[in-house]
Amino acid sequence: MTKVLVLDDEPGRHKLFAQIFRDAEITQAWNQFEAECALSPRCVDVFDVATLDHDLGMNAGDGLAVARFIVAMPGERRPRQVLVHSSNPVGAKVMLETLKRAGINAMRIDSLALVQDARWQSKK
């Protein structure tokens, strides 16, 4: 089963990714600490996909710190793909550059387009 880590501070985005990855095992992280804990070697899971938001709210850290954490991980522990879905264009760009420089398969996705697509799909 595909294992997905979703990092976001908004419940709506967690629901959206649960719909998108409906056949996957999803781990929710609401802040930097929870994401780093889920990614750490103490956890038995190695994620196939990690979705990262940049801006996580007051005192919750940020997605860039999590991207740097992923870069520092041993290669076999890293997620196979990282999806950056931040609405902060500067933060998303820095996250992508950080991940790609380390050779990590990363891409930016437009979460607003995903929301619109999910709404369209639900009307079918």
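Four stops could be made for salt bridges, since the structure holds 4 salt bridges (a side-chain nitrogen of Lys or Arg within 4 Å of a carboxyl oxygen of Asp or Glu). The model is predicted: local features need pLDDT of at least 70 and side-chain atom pairs count only at pLDDT 80 or more, while totals for chains, interfaces and linings use all residues. Residues are numbered from 1 along each chain as its sequence is written, and side-chain values use heavy atoms, with hydrogens and water left out.

**Arg 13 and its partners**

Select Arg 13 and Asp 8. Their side chains form a salt bridge with an N to O distance of 3.1 Å. Helices (H or I, at least four residues) and strands (E, at least two) are DSSP runs, numbered from the N terminus.

Are these residues buried or exposed? Both Arg 13 and Asp 8 are buried, where buried means under 20% relative accessible area, exposed over 50%, and partly exposed in between (1.4 Å probe, protein chains only). Arg 13 has a relative accessible area of 13%, and Asp 53 is buried at 3% relative accessibility.

**Asp 48 and Arg 80**

Move to Asp 48 and Arg 80, whose side chains meet in a salt bridge at 2.3 Å, N to O. The pair links distant parts of the chain, 32 residues apart: Asp 48 is in the loop between α2 and β3, and Arg 80 is in the loop between α3 and β4. Asp 48 is buried, with a relative accessible area of 16%, whereas Arg 80 is exposed at 61%. Returning to the previous stop, salt bridges that share partners join Asp 8, Arg 13 and Asp 53 into one network.

**Helix α3**

Select residues 63–72, helix α3. At its start, a side-chain oxygen of Asp 62 comes to within 3.0 Å of the backbone nitrogen of Leu 64. Which residues of α3 are buried? They are Gly 63, Leu 64, Ala 65, Val 66, Ala 67 and Ile 70. To see what covers them, show elements including β1 (3–7), α2 (32–39), β3 (49–52), β4 (81–84) and α4 (89–101).

**The nonpolar cores**

Next, show Leu 5, Leu 52, Ile 70, Val 82 and Leu 99. Of the 24 residues in the largest nonpolar core, these touch the most other members. A nonpolar core is a set of buried Ala, Val, Leu, Ile, Met, Phe, Trp, Tyr and Cys residues joined through side-chain atoms within 4.5 Å. At least two residues of this core come from each of β1, α2, β3, α3, β4 and α4. Apart from it lies another core, of 8 residues, among them Phe 17, Ala 24, Val 49 and Leu 83.

Center on Leu 52. Leaving out residues up to four places away in sequence, its contacts (heavy atoms within 4.5 Å) include Val 66, Ala 67 and Ile 70, as well as Val 82, His 85 and Met 95.

**The whole chain**

Finally, color by secondary structure. The protein chain has 5 helices and 5 strands, in the sequence pattern β-α-β-α-β-α-β-α-β-α. Buried residues make up 44% of its 124 residues.

Key:
A polar contact is a pair of N or O atoms within 3.5 Å; within protein, one must be able to donate a hydrogen and the other to accept it, and residues adjacent in sequence count only if both atoms are side-chain atoms.
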